[in-house]
Amino acid sequence: MGDWPAEPIGDGAVVLRPDGRLNLAVAADLRDQLRGLVQGGHCRIVVDLSGVESIDSSGLGALVSGLKAARQSGGDLLITGPSAQVVAVLELTNLDKVLKASPTAEEAFDGPD
Amino acid sequence: MVRTDRLVLDTVTGPATLDDIQDSLMSLWAMNPEVPELIRCRVAIAAAEVGANIIEHAGLGVPVRMRMESAVRAHSVRVTFTDEGVAAEVDLTRLAMPAELAERGRGLALARAVLAEFGYRRTGVVDEWTLVSDRFC
C-alpha cells in the first residue's frame, strides 16, 4: 500500500495521486509519503483525489499532516478531484476550510500567492 | 413489519478488516436496494470510524475478535459492533471536532455527525457500539 505516483506539474510543484480507500490501513503511508515529498524539497503539493473511493478521519489526518509540513517549509498543500464522499467528510469535519480544493492540479498554484 | 434479514461479519481484526466492513455493507445494500445513497454513504462513514477505533484502541495494536451485525429495519439502518478488547474511554455526549490542524481525534465525532443514534456500552468484557441511521421512506 502507499507509494502512490507523484509527478512534477511545473514551477516546483508536484501532484500525488493516491487511490482506493484512504483509511487507517494506509494513512501512515500517505503521511510518510507527503512528508517525504516536503523533505525532498517539494513544499507545494497537490493531492489528486479523483482515484480515491473514500476517506476516513485517519486519511484526513494524513492530509493535515502533509499540509502542516508543506506550510512549515513555506509551501502549501491543496486537493483536487474529491468525490462526493470526500466532500461530505471534509464538510462534516470543517476541513473544507483548511484543505482547499483546486479545479485541476495544474491550476492549483496559479494566480497570486 | 420487522425484517429479519441481517448480515454478520465475525472476524479477528487485521489489515483487511476495514475493507471487510465496507464489503459487508455493500452486501447489505444489495439485499436492500431501497436504502438511499445518502444513507448508505453516512452509514459507511460511521462504520469505518467505529471499525478503525476498535482496531486501533480496543486491540491496542493486537488483533481482537470483532463482530459486526447490520440490518435494515423500520426504515433505518442499524449496525452493531461488539469486541472483547479494552474498554473505550469515551463519552459520546461530549464529542467535538478537534482544532482544525489536529491530526487525530475526529473519528467518533464524525460518526456521531452522520447518525441518528450512536451508542456505546461496556458489559462485562464486551464493548458494544450501536449505530442507527436517519429514517428514510
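The legends below walk through several close-up views of a two-chain predicted model.

Because the model is predicted, local features need pLDDT of at least 70 and side-chain atom pairs count only at pLDDT 80 or more, while totals for chains, interfaces and linings use all residues. Residues are numbered from 1 along each chain as its sequence is written, and chains are lettered from A and ligands numbered from 1 in the order in which they are written.

**View 1. Chain A as a whole.**
Chain A has three helices and seven strands; helices (H or I, at least four residues) and strands (E, at least two) are DSSP runs, numbered from the N terminus. Follow the sequence and you get the pattern β-β-β-α-β-β-α-β-α-β. The radius of gyration of chain A is 13 Å, close to the 13 Å from the globule rule for 113 residues, so chain A is as compact as a globular protein of that length. That radius is taken over C-alpha atoms, and the globule rule is 2.2 Å times the number of residues to the power 0.38. The C-alpha trace spans about 30 × 25 × 20 Å along its principal axes. Of the 113 residues, 51% count as buried, where buried means 20 or more other C-beta atoms within 10 Å of a residue's own, exposed means 12 or fewer, and partly exposed is in between, with C-beta atoms placed from the backbone. Among contacts in chain A with a separation of 6 or more, 74% are between residues 24 or more positions apart; a contact here is two residues whose C-beta atoms, placed from the backbone, lie within 7 Å.

**View 2. Helix H1 of chain A.**
This helix covers residues 24-39, and at 1.5 Å a residue its 16 residues should span 22 Å; the end C-alpha atoms are 23 Å apart, which agrees. The expected span is 1.5 Å times one less than the number of residues. Its buried residues include A:Leu30, A:Leu34, A:Leu37 and A:Val38, along with A:Arg31 and A:Gln33. An α-helix has 3.6 residues a turn, so residues three or four places apart point the same way. After H1(A) comes A:Gly41, with a positive phi near 100 degrees.

**View 3. Two loop residues with positive phi.**
Most residues other than glycine have a negative phi. A:Asp11 is not a glycine, yet its phi is positive, about 60 degrees. You'll find A:Asp11 in the loop between strand E1 (6-10) and strand E2 (13-16) of chain A, and it counts as exposed with 8 C-beta neighbours inside 10 Å. Over in chain B, B:Ala74 also has a positive phi, near 50 degrees. B:Ala74 sits in the loop between E2 and E3 of chain B and is exposed, with 11 other C-beta atoms within 10 Å.

**View 4. The sheet of chain B and its helices.**
Chain B has three helices and five strands, running β-α-α-β-β-α-β-β from the N terminus. The five strands make an open antiparallel sheet in the order E1-E2-E3-E5-E4; strands pair if DSSP finds at least two bridges between them. At the edges are strand E1 (6-12) and strand E4 (117-123), each pairing on one side only. From one strand to the next the twist averages 10 degrees. Strand E3 (residues 76-83) and strand E5 (residues 126-132) run antiparallel and are joined by six bridges, with B:Thr130 in E5(B) as the bridge partner of B:Thr80. Helix H1 (residues 17-31) of chain B lies across E1 and strand E2 (65-73), at about 170 degrees to E1(B). H2(B) lies across E2, E3 and E5, at about 5 degrees to E3(B). For these angles, axes are lines fitted to C-alpha atoms, for helices over the stretch in contact, and angles run from 0 to 180 degrees between N-to-C directions.

**View 5. Around B:Val86.**
B:Val86 lies in the loop between E3 and H3 of chain B. With 16 C-beta neighbours inside 10 Å, B:Val86 counts as partly exposed. Leaving aside residues up to four places away in sequence, B:Val86 touches B:His57, B:Ala58 and B:Leu60. B:Ile54 is 32 residues from B:Val86 in sequence, and their C-alpha atoms are 8.9 Å apart in space.

**View 6. Where the chains meet.**
The contact takes 20 residues from chain B and 20 residues from chain A. On the chain B side, helix H2 (37-58) and helix H3 (107-113) are the elements that give two or more residues. H2(B) gives the most, with eight residues.
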